[in-house]
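Hi everyone, thanks for coming. Let me put the structure on the screen, and then we can walk through it together.

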Amino acid sequence: MALSGMRGLSVFISEIRNCQNKEQERLRVDKELGNIRTRFKNEKGLTPYDKKKYVWKMLYIFMLGYDVDFGHMEAVSLISAPKYPEKQVGYLVTSCLLNENHDFLRLAINTVRNDIIGRNETFQCLALTMVGNIGGREFAESLAPDVQKLLVSSSCRPLVRKKAALCLLRLFRKNPDVVNVDGWSDRMTQLLDEKNLGVLTSSMSLFVALVSNNHEAYWSCLPKCVKVLERLARNQDIPQEYTYYGIPSPWLQVKTMRALQYFPTVEDPNTRRALFEVLQRILMGTDVVKNVNKNNASHAVLFEALALVMHLDAEKEMLSQCVALLGKFIAVREPNIRYLGLENMTRMLMVTDVQDIIKRHQAQIITSLKDPDISIRRRALDLLYGMCDVSNAKDIVEELLQYLGTADFTMREELALKAAILAEKFAPDLSWYVDVILQLIDKAGDFVSDDIWFRVVQFVTNNEDLQPYAALKAREYLDKPAIHETMVKVSAYLLGEYSHLLARRPGCSPKDIFVIIHEKLPTVSTPTISILLSTYAKILMHSQPPDPELQNQIWAIFSKYETCIDTEIQQRAVEYFALSRKGEALMDILAEMPKFPERESSLIKKAEDTEADTAELSAIKSRTQQQASNALVVTDQREPPQLGMVKIPSVDHNSVSVDQELTQANGISHEVDHPQPDILGDLLSPLAIEAPPPPPPPVSEDDALALAPVEEQDNLVKPIGDTAERFHALCLKDSGVLYEDPYVQIGIKADWRGHQGRLVIFLGNKTTSSLTSVEAVVLPPSHLKLEVSSVPEVIPPRAQVQCPVEVVNLGPSRDVAVLDFSYMFGTSLVESKLRLPAVINKFFQPIPVSTEEFFPQWRSLAGPPLKLQEVVRGVRAMSLGEMSHLFSSLRLIVCPGLDPNPSNLVATTTFYSESTRAMLCLVRIETDPADRTQLRMTVASQDPTLTFELKEYIKEHLISIPTAPSMPQQPQPIASSDPGALLAGLL
Amino acid sequence: MIRFILLQNRQGKTRLAKYYIPLEESEKHKVEYEVHRLVVNRDPKFTNFVEFRTHKVIYRRYAGLFFSLCVDITDNELAYLEGIHLFVEILDHFFSNVCELDLVFNFHKVYLILDEFILAGEFQETSKKAIIERMGELEKQE
């Protein structure tokens, strides 16, 4: 056993090893950390050797899992030590403890640069290694040119150059915009001629990064790559030390072939011929050998060669050779090779039409689906999923369903999703599809996402032939003793809609259906109860002539839930109760759901999205676009029957809104991509489609920000209502009208969760002619990440299009996203710039804070910049009650009783963003009962920016409503020396 | 590229951890815990590859020690698997018949060797001879 050479370190390690338990270890570590802290604090008498020893100890303690933040500085400072032993420790430990985001690293940049450009080779190596391992943007900015010089310098040893190559790779990977590689193709060509294989290995990695970024610039290097590969594969002139179990550097071979996969093709016939010869040699010349290491190394090369062959659109003959090899691999017992066989066969599916040959191995693949190793099962699942088509869908899906019963929990969700997608894509008939989904829910309800059952409902709704079958199946499942809640949902939905189609069968009278569904009610959660209530309403409607007993039963249930604490349930109960007394009118209102407009399956989209993510990484996959999904087309082309508003114009206004509520009440329309064209009515009612546009009111000129028409003199179209006020209102609620003019109405509906949100922009054409050249561009501020769906160029007459916007909040800011919206009406261009209500308070969550939590927080945030105070003047008149109301609209929760003074108000909230953790914000308002126009506001949080932005934001809302010209206000920041502030601090 | 390298014993004690991606300390400890859980109970007859979050871990067990490399999902598994073995051969040569205790008491040497073998998450030098000679040079300077 070799000891470390540092006695103190060895003794410490031994002592740690001798600790009997975790507690003893912790005590020993704490003691040592205390010692190290004291020693570092009082640097006198601390020799360089001591420093080195303590920094090593810290690294050891860090590996044990303890926090050593305090020592970062010490590690970094050793980098500047003059002698090698300390400098080495400084560099090495810094690169283990710190990462590119640590500010401390900046302190070292100068030393690092001096070491890199200096003459001491050892120091050069240390510096290059650290920058290569943890270098960030600032290193790239200040060092990239120097590192480039070292790489191509003829006076440097290979030792330095290989480190320079990888150091440059790191800087380029992280900040391609900073590292200038223009004109590097010539240098790369030279580097690929390198004789030293260490330098060549490192340079090849750099080359892969450069080509993957822009292959166009490096065409001239392609023949060189092929040469390198030839040299290796033929073992020409390869030093013994670079062969591994007789194989010339398998790592360099693999890297070289990886580089070649970033070129779309190899055009030069000679190069191509040479390359294919080498590949052929690898494919045919790789045998299975006893020695594990040799076998692995040669197969590493073989699998990379396979990938390259697939990429290069080789001749059919060579491809069938590949498939034959893969067929052999998926049958072997050696797990790694079988795993890779399955994985590569899946890749093979994407590039060539060898499906039929692969299908021959189906039985073998299914065996692997039952392998004890989850890694193999995953690959088998991927392959089965990829190779499924109409001809084998039934078999494969059955296998998946069977496996679902025994699969590990970690795989079930994926399995369920894949089975559902395959069933949808390749169903030979629709009743089979319904069977599969119901079986899925039955066997693995917990893993069946809502998307899956929404989709089956959509299918059934759109296919009349399927409805009785689906209803019957649902009815059968309800007889089972214990069924999953999702099954209750889907059955209740289907039976509500279609049980009347079964009425003549035994056990399927409205009453029977009601009884069997109602049995489940005590076991289900709130959202399901809502669905059940809708089902009861539908059953009631379908029992004609009315069955008084059933009616009374259901009414009793409705009245029971009229006082339910859940508002959704309460509303449904009240409305259904009122509606069901309307008699005939009920028929219309509760009529069957209309067909859903045809659309891409959200499931398939989900699957494709995930595939797209992984595809980014792959050289092969990136060039093979997934074929467009060919999901079953089940809707016929008839116009969907109109329902809702349009259908029942005679019903009075009240029931209109109730009806719209019903549309949602079905539990589907709300969550699936809003199928109803009239959902706008729900959101933005009353939408003035029918009414002639009212005369445009004069626009206030002072809200230019909110609405800035491009050509003011030509722009005859004036907005209706005050756009700025609409924006202001939308800051406080989540749906409503954002903008309206005589032709267009733009509505917003938003849903916010933590730092994310989804905002749907509804663009409604109010006129009887088309709007053309429609453009909606969202200009995001720097603190929001927005993903905007595209908007069609034309909005048909009286139609409405939706534009969902995914929002991610990156940090606190009051900047707003702007929707730049324009369209042509006739010959005039209308353009408006509208602020989108994705404002700071949308990322709040009002979480109440107890007195015990509040005060320590309040005190710990002592003063600026974390706690800011300001006297706000020109506050619009409002009572404390109104102010509380305003605060809750802003998603701040008012905490009564925290402040003993009744004219004060304390509120809290939690702010979410991607970059910060959830942050508690505290607000205190002190009002003056004698003068309502001024108040003192104190805002505190852990983040200075957040505190400032929140304070300003609240002020904006307190001072004036946007229509009124803003009152002159002079905010006066109060220094913490102000006695008033001190008083406030005592709170 | 290699995202990180871990050397852990069966009890989950970390003997070496090197990260080529920026992680906070707490995340590092979490990753070490998760990777250990992932590999420690796998049957020796299983593959040496296992999915980890959006990446995959290539691991190999030598006596009571697990060497794990986390790499990108599209990386060549076997090449990294043999990379682990090459590293072990280098350690074995350097310590002449390496055992866990060598790595514990000389963890700083192990880090130095690793820095000659892998840099920026890529193989820097695959010649055992070159690395051993380089270590000799460095020892002289101490």
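This is a predicted model: local features need pLDDT of at least 70, side-chain atom pairs count only at pLDDT 80 or more; totals for chains, interfaces and linings use all residues.

Residues are numbered from 1 along each chain as its sequence is written, and chains are lettered from A and ligands numbered from 1 in the order in which they are written.

Let's begin with the sheet in chain A. Five strands make an open, antiparallel sheet, in the order 3-4-5-8-7. Strands here are DSSP E runs of at least two residues, helices are H or I runs of at least four, and both are numbered from the N terminus. Two strands pair if DSSP finds at least two bridges between them. Strand 3 (735–740) and strand 7 of chain A are the edges: each has a single partner strand, so one side of each lacks a neighbour in the sheet. Inside the order, strand 5 (residues 756–765) and strand 8 (residues 800–809) of chain A pair over nine bridges; one bridge joins Phe762(A) to Gln802(A) in strand 8.

Now please find Leu786(A), in strand 7 (residues 784–788) of chain A. Is Leu786(A) buried, exposed or partly exposed? It has 17 C-beta neighbours inside 10 Å, so Leu786(A) counts as partly exposed. The cut-offs: 20 or more other C-beta atoms within 10 Å is buried, 12 or fewer is exposed, and partly exposed is in between, with C-beta atoms placed from the backbone. Beyond its neighbours within four places in sequence, Leu786(A) contacts residues including Val778(A), Pro780(A) and Val805(A). Contact means C-beta atoms, placed from the backbone, within 7 Å.

Next, the helices. Helix 23 (residues 430–444) and helix 25 (residues 467–478) of chain A pack at about 25°, their axes 10 Å apart. Axes are lines fitted to C-alpha atoms, for helices over the stretch in contact, and angles run from 0 to 180 degrees between N-to-C directions. That angle makes helix 23 of chain A roughly parallel to helix 25 of chain A; the label covers angles under 35 degrees, with over 145 roughly antiparallel, 65 to 115 roughly perpendicular and the rest oblique.

Finally, 59 residues of chain A are in contact with 53 residues of chain B. Thanks, everyone!

Conventions. Two residues are in contact if their C-beta atoms, placed from the backbone, lie within 7 Å.
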